[in-house]
Amino acid sequence: MSEKTPRQRWMATLARASRAEVETLLGAPPRHELLKAPETGTVMLEGRAGGAGQRFNLGEATVTRCVVRLPTGRMGFSYALGRDGHKARLAALLDARLQDEADGSELHRGIAALGQQQAAARELASRKAAATKVDFFTMVRGE
């Protein structure tokens, strides 16, 4: 499995972030042009039996996408679960700004901190789920 690029990491972080987190990170929205206004559709979710087995269609999920362009010409994209068009627009603006910002900038540090918070929350949820795991076994009766 290949390592994710920095952009792939921040796009994933933005997709998982709440609207409030995205608004806080962006601050005042910069001037921009909407290339593709926020639009909502559905995507098919696939699952795998046992996590690695045969694929099957799990169901559909609602997704909102948006594409913007800054005055510099830089384009930003976003895809997010749900119907929040405003969040999708702000996330696309953040994507465009992050591409123009130097590594180590305040914006990059903010997105990294948000990603770490999300990872910690996933780890906590995973540990809580693991604590409830039940191992079933069969005892063989002696004859």
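**The hairpin and the helices**

Mentor: Five residues lie between β2 and β3, which together form a hairpin, and in its turn Gly73 has a positive phi of about 100°. Strands are DSSP runs of E with at least two residues, and helices are runs of H or I with at least four, both numbered from the N terminus. The model is predicted, with local features needing pLDDT of at least 70 and side-chain atom pairs pLDDT 80 or more, while totals for chains, interfaces and linings use all residues. Residues are numbered from 1 along each chain as its sequence is written, and side-chain values use heavy atoms, leaving out hydrogens and water.

Strand β2 (residues 55-69) runs antiparallel to β3, and seven bridges join them; pairing requires at least two DSSP bridges. Within this arrangement Cys66 is placed opposite Ser78 of β3. Ser78 belongs to the covered face of β3 (residues 75-81), together with Gly76 and Ala80, whereas Met75, Phe77, Tyr79 and Leu81 form the uncovered face.

The 26 residues of α4 reach 38 Å between the first and last C-alpha, close to the expected 38 Å, a span calculated as 1.5 Å times one less than the number of residues. Buried positions in α4 are Leu107, His108, Ile111, Leu114, Gly115 and Gln118; buried means under 20% relative accessible area, exposed over 50% and partly exposed in between, with a 1.4 Å probe and protein chains only. Ala120 is partly exposed because its relative accessibility is 46%.

The buried residues of α4 pack against α1 (6-16), α2 (19-26) and α3 (85-100). For α1 and α4, the packing angle is about 65° and the axes are 10 Å apart; axes are lines fitted to C-alpha atoms over the stretch in contact, and angles run from 0 to 180 degrees between N-to-C directions. Their crossing is left-handed, that is, the near helix is turned anticlockwise from the far one by less than a right angle. In this contact (heavy atoms within 4.5 Å), Trp10, Thr13, Leu14 and Arg16 of α1 meet His108, Ile111, Leu114, Gly115, Gln118 and Arg122 of α4.

α2 and α3 also cross left-handed, at about 40° and with axes 9 Å apart.
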